[in-house]
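Good morning, colleagues. I would ask you to keep the sequence and the structure in view while I speak.

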Amino acid sequence: MFRTRGLLKRTSLTTNTIQTSTNTTTTTNSNSITIPSSTNTNSTTRGRKASKVPHVCIIGSGPAGFYTAQQILKSHASARVDMYERLPVPFGLVRYGVAPDHPEVKNCINTFTQTASNPRFSFLGNVSVGVDGGSVIPLTQLRSAYHAVVMSYGASRDRTLNIPGECLPNVVSARRLVGWYNGLPEDTDLDVDLGVESVVVVGQGNVAVDVARILLTPLDALRKTDIPEAVLNRLSESRVRRVTLVGRRGPQHVAFTIKELREMIKLPGCQPHLNPQHYTHLRDIIPDLPRPRKRLLELLAKTGLDPANPNNLTTAQRTWSLSFLRSPIQVLANEHQAVTGIKLAINRLEGEPGLERAVTNTETEVMECGLVLRSIGYQGVSIHPSIPFNDNTATIQHIDSRVMGLEGMYVSGWIGTGPVGVILSTMTSGFSTGKSVVADMDSGRLDISEDKPGQDYIRDLLAQKGIRAVSFNEWSTLNRHEETEGARLGKPREKVTSISAMLKLMNH
Ligand code: FAD
Ligand code: NAP
């Protein structure tokens with residue numbers, strides 16, 4: 001059953017013009033929308049001009065979206081915030097990226113849930129925003145229906161190496177592996193063969209460490225996490241024993257952080273297998289580094305130079321290692337297309353200390369492995385041709401979160417900053433965007449004097465397209481179901497991994 005909020009009935013709308021009328025609903029020609037002003041009579045005294053209720057829409061329900069919403073709701077007394085999310089469930093990478101063995105990181109969900117309980121907030125899940133067509137809500141229509149549109153839709157792709165063999169069956173992006181073990185619907189059927197002993201992870205960031213750790217952690221420990229049962233079954237058949245993280249630069253350039261390194265060092269039944277030669281000179285550069293970096297590299301050097309590590313392998317069932325100054329140039333396979341190894345160019349470093357880049361030599365080597373995981377960073381995409389998008393950085397172009405050349409449009413989180421930064425830095429970005437939106441309302445830079453229909457208009461559009469948006473209450477129903485199922489299995493939750501099953505459980 002569709003519930004239409006039915007303020008406006010129309011069939012085709014092609015432009016972004018909205019007019020205010022004191023009449024009741026009027027049908028418009030295809031170039032404008034007429035809105036009954038009586039539906040939005042609450043005015044705020046904050047704006048320079050006498051304003052109606054400001055309607056803000058946020059695209060994406062990850063940390064950036066929720067922190068932006070929190071800031072706007074806190075600093076503006078009457079603004080309404082509607083959050084559109086392509087999945088039926090909220091929280092972006094907090095649910096589908098953060099490692100399942102890091103449940104404490106997900107505590108930010110409590111804050112997000114509190115934001116969602118604000119009566120001026122609505123969650124509209126199961127709604128994809130982009131270019132008109134099929135089940136997608138056009139960005140242009142959101143711009144018409146809202147005073148401000150915040151794009152916080154993250155970085156949903158990953159960077160590629162563009163080398164021969166990259167499309168072989170067991171060359172998998174870390175992004176998809178992460179999605180798979182976190183129960184992301186589109187990655188549930190990921191084709192990854194874990195019946196191999198050696199894995200090469202290309203990249204030395206925290207995502208690379210996350211995937212290495214999950215592959216090397218004893219199954220008993222993983223059973224206590226929210227990794228879906230189907231994935232645990234597959235992991236129980238894993239034969240992975242060795243994971244090597246390959247970096248194109250030196251040990252001083254690793255992108256992972258100290259907590260993640262500590263976890264790797266302490267992994268039960270697993271030992272670092274590090275080449276001491278890589279770490280002998282590291283101590284020379286440590287004194288001049290900022291403190292967090294200093295502590296990280298001290299631990300790395302200590303581990304690498306510990307004589308027990310490279311030699312005492314007999315006790316460990318599993319090992320991990322780091323390889324430096326290596327750039328992949330080809331993934332190798334046998335006649336059955338099974339990955340057999342990766343060919344690496346040996347690099348040297350050029351440039352100022354701290355800013356060195358890897359330059360490939362002619363020398364190469366082959367590292368044997370049966371699975372290659374590409375973990376060289378995520379990548380943002382443009383969801384509409386009207387967005388000024390920088391293809392080099394894969395981010396939306398903006399100044400202080402205001403999208404360049406598009407009034408009333410803002411960015412927040414990874415789609416504006418690029419795919420780097422922990423939840424804390426995304427929070428800073430979200431708060432800063434929220435402040436910009438409210439400041440613009442207050443200063444009159446953002447015209448909020450006209451009525452805008454907000455979700456009432458979009459809900460009509462959704463009804464026309466046969467899309468039923470998921471509310472936050474409906475998500476809460478699914479959440480309770482997952483937690484109940486999880487409790488039965490002795491884990492925090494058992495995630496529902498298919499969208500149709502989610503919708504069914506939410507009584508759609
Ligand atoms: P996202 O979290 O990606 O949210 C974007 C949302 O937009 C998603 O829900 C997506 O479905 C939605 N969306 C996308 N396209 C559309 C569309 N067209 N229409 C509607 N909705 C759309 N940080 C930590 O502090 N600790 C950690 O342990 C940690 N682990 C991480 C593990 C991984 C694998 C990754 C990749 C990152 C991790 N981070 C961690 C970083 C953290 O996840 C990010 O800082 C943060 O999630 C970025 O937030 P965001 O809102 O910009 O993007
Ligand atoms: P990242 O931190 O940017 O690391 C990317 C890695 O890939 C770097 O080692 C980089 O090396 C390498 N790389 C990039 N392009 C390459 C290429 N063409 N060839 C070879 N190597 C290449 O990205 P990430 O690991 O995807 O993490 C994204 C963000 O999420 C980070 O800010 C991270 O801290 C955060 N995160 C946090 C946690 C946590 O807190 N536990 C967990 C996961 C993710 P160069 O340095 O040489 O470019």
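This is a predicted model: local features need pLDDT of at least 70, side-chain atom pairs count only at pLDDT 80 or more; totals for chains, interfaces and linings use all residues.

Let me turn to the contacts with oxygen atoms of the ligand. Ile423 places a backbone N or O atom 2.8 Å from an oxygen atom of ligand 1. For Trp414, a backbone N or O atom lies 2.9 Å from an oxygen atom of ligand 1. A polar backbone atom of Pro63 is 3.4 Å from an oxygen atom of ligand 1. How much of the ligand does the protein bury? Taken alone, ligand 1 exposes 1,000 Å², and 91% of that is buried by the protein.

Strand β3, residues 55–59, is joined to β4 by five bridges, and the two strands run parallel. Within this pair, Ile59 has Tyr84 of β4 as its bridge partner. Together with helix α1, residues 63–75, strands β3 and β4 make a β-α-β unit, which is right-handed.

Strand β4 also pairs with β5, residues 121–125, in the parallel sense and over five bridges. Here the bridge partner of Val81 is Phe121 in β5. Is β4 itself largely enclosed or open? Five of the six residues of this strand, which spans residues 80–85, are buried, so β4 is largely enclosed by the rest of the structure.

I come finally to a sheet with antiparallel pairing. In the present case, three strands form an open sheet in the order β15-β16-β17, with antiparallel pairing. Its edge strands are β15 (326–333) and β17 (357–368), each of which pairs on one side only. From one strand to the next, the twist averages 20°.

Between β16, residues 339–350, and β17 there are nine bridges, and these strands run antiparallel. One example is Leu349, whose bridge partner in β17 is Ala358.

Thank you for your attention.

Definitions and conventions:
Residues are numbered from 1 along each chain as its sequence is written. Chains are lettered from A and ligands numbered from 1 in the order in which they are written. Side-chain values use heavy atoms; hydrogens and water are left out. Buried means under 20% relative accessible area, exposed over 50%, partly exposed in between (1.4 Å probe, protein chains only). Helices (H or I, at least four residues) and strands (E, at least two) are DSSP runs, numbered from the N terminus. Two strands pair if DSSP finds at least two bridges between them. A crossover is right-handed if, with the strands pointing away from the viewer, the path from the first strand over the helix to the second runs clockwise. Axes are lines fitted to C-alpha atoms, for helices over the stretch in contact, and angles run from 0 to 180 degrees between N-to-C directions. A polar contact is a pair of N or O atoms within 3.5 Å; within protein, one must be able to donate a hydrogen and the other to accept it, and residues adjacent in sequence count only if both atoms are side-chain atoms. Accessible areas come from the Shrake-Rupley method with a 1.4 Å probe; for residues, only the protein chains shown count as cover.
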